[in-house]
Structures are given as structure tokens and as C-alpha cells.
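These are my notes from a first pass through the model.

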Amino acid sequence: GERAYDIYSRLLKERIIFLASRMVLKRARARVCSSEWRKAIVARAMEIPPENIAIIQNAWRIDVKIGSPTREKKRMILWAGRMLYLKNLRRLARAFAEVNKDGWELCIAGDGPDQRGVEKYVKEHDILSVRFASALRREELLDEMASASFFILPSFSDVGPNVIVESLSAGTPCVMTKESGYAELLRESVLLIDPFDERDIQEKIQRYMEDESLRADHARMGQRIVSSRGWKEAADEWINLFFDIAS
């Protein structure tokens, strides 16, 4: 009926957008992605040879006051963002429940269409030590980040999550999904997880819980990385690409 028609119309619209996008990309003089991870996806989906796609990384440096990795931390794991199904919060809550120790807390801060569903799931499964917080203003979020032992991002997919850059800038290490363009750039300074492997999420949470020195090392290394590439470096690479096209 009407619902089936709506679904068909949406699928048709998405198909038209996809085909139009592929046509534009195929005819372009240059194509740019921000990571090898993203490049592989685009090359496969758009049927473009990978060697015809350039890589220009995002500028890392953002207007965050660099925090201290040695700041006293709460026994708290923080997630923050828009609560969507793809953020994988149910699996995160289950993994936390399996390895939770006395005094640790998982704080989930934000709102969104999956908020009530996640809150209901945690309550129905009697998962303890999970605290929900409303969406925070940026200054409040940065303060929460600086106080957390580590930040966690178990999304099914997250192309370029600035929340990870902000967390590292605030002096807080991160556990993050490997399905991200930032995974390849930060792999030496974060713990990467398979978002579909609950045991892997459990193991990485437990590892950070038990190894304070590793958290501090990753925080320091992460700060060096996110402060190493500014707007000038990124702009110079774009300008060089424009000159190559013009010539």
C-alpha cells in the first residue's frame, strides 16, 4: 500500500542520486578522499581505479585547549554524540557489563532517535553503572572528556569522527572503531575494535581499565598526532592539487 510506495520512492530516489554521483565522479578531473579507508569504499562503489583518487588528510588541529594526560581521572568511560542505531550502543552496554569492575561507570551523553531505545535496553537488561546524560554544550563535553579515563566510539562506521580528535586533545585516550578513516591515522595511539565483535570490545575496554600507563602513553602520543597537522599543511596540498589540474 502507501508504505510500500513510500519505500519504493525512497529507494528509487537514492538510486538516482547514486548514479548521478557516479557519473560526476567518473567525469571529474580529480577526485580526493581524506583517507585510504574512504578511498577504498569510493573506488569500489563508484567503479573508479584507486590510483585515480588522491588522498588529502583532514587538518587535525582544532581550537581545543590541550589537556594534560596526567590530570586526575575518574573511573569513567565516556561516549558522547548523537544516539543512532549505527553508534552500536547496545553492544557497548553489554560489553561494559561483562567486564565492569567496582567503581567504574559508563557515561552515555547525548540525544537522538535511538535514545529511548538504548535507555530501555539498559534498564530491561539490568545493566548497572551506566549513566545517561543529556547532550552537553561543547565546553561541558570537553570538561567531561578531560575527566574520563578514556573515551569509546564503537560505531559500525564513522568516516572522520572529530569527537576522537577532541578527546585526544583533551588528554584522554580512546577506544575506537576500526571502521573509520581515522583508524589508519591514529592506530598507534588508540585501541581499535571490531564493532561487530563483542568479545573484542570487552577485551579492549578491560585492557584500558587495567593499564593506566598504556592510557597515559596513548594520550600523549595522540596529542602529538592531532597537533601535528594544521590548516596550512592541508591547504598547501589542496593548492598543489589545483595547480596540477590547471596545468
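I take contact to mean heavy atoms within 4.5 Å, and I take helices (H or I, at least four residues) as DSSP runs, which, like strands (E, at least two), are numbered from the N terminus. This is a predicted model, in which local features need pLDDT of at least 70 and side-chain atom pairs count only at pLDDT 80 or more, while totals for chains, interfaces and linings use all residues. Residues are numbered from 1 along each chain as its sequence is written, and side-chain values use heavy atoms, with hydrogens and water left out.

Entry one, H5 and H6. I looked up which residues join these helices, and found that Arg138, Leu142 and Met145 of H5 meet Val163, Glu166 and Ser167 of H6. By class, this contact has 3 nonpolar, 1 polar and 2 charged residues (Ala, Val, Leu, Ile, Met, Phe, Trp, Tyr, Cys and Pro count as nonpolar, Asp, Glu, Lys and Arg as charged, and the others, Gly among them, as polar). H5 spans residues 138-147 and H6 residues 162-169, and their axes come within 9 Å and cross at roughly 60°; axes are lines fitted to C-alpha atoms, for helices over the stretch in contact, and angles run from 0 to 180 degrees between N-to-C directions. The two helices are therefore oblique to each other, given that angles under 35 degrees count as roughly parallel, over 145 as roughly antiparallel, 65 to 115 as roughly perpendicular and the rest as oblique.

Entry two, serine 167. I noted that this serine, which lies in helix H6, is buried, with a relative accessible area of 0% (buried means under 20%, exposed over 50%, partly exposed in between, with a 1.4 Å probe and protein chains only). Leaving aside neighbours within four places in sequence, serine 167 is in contact with Met145, Phe151, Thr172, Pro173 and Cys174.

I then asked how many disulfides the structure holds. The structure holds 0, a disulfide being a pair of cysteine sulfur atoms within 2.5 Å. For cysteine 174, the nearest cysteine sulfur is that of cysteine 107, 15 Å away. Cysteine 174 is buried at a relative accessible area of 0%, and cysteine 33 is also buried, at 8%.

I finally looked up helix H3 (residues 89-99) and helix H8 (residues 198-210), which pack at an angle of about 55° with their axes 9 Å apart. Their contact includes Leu92 and Phe96 of H3, and Ile201 and Met209 of H8.
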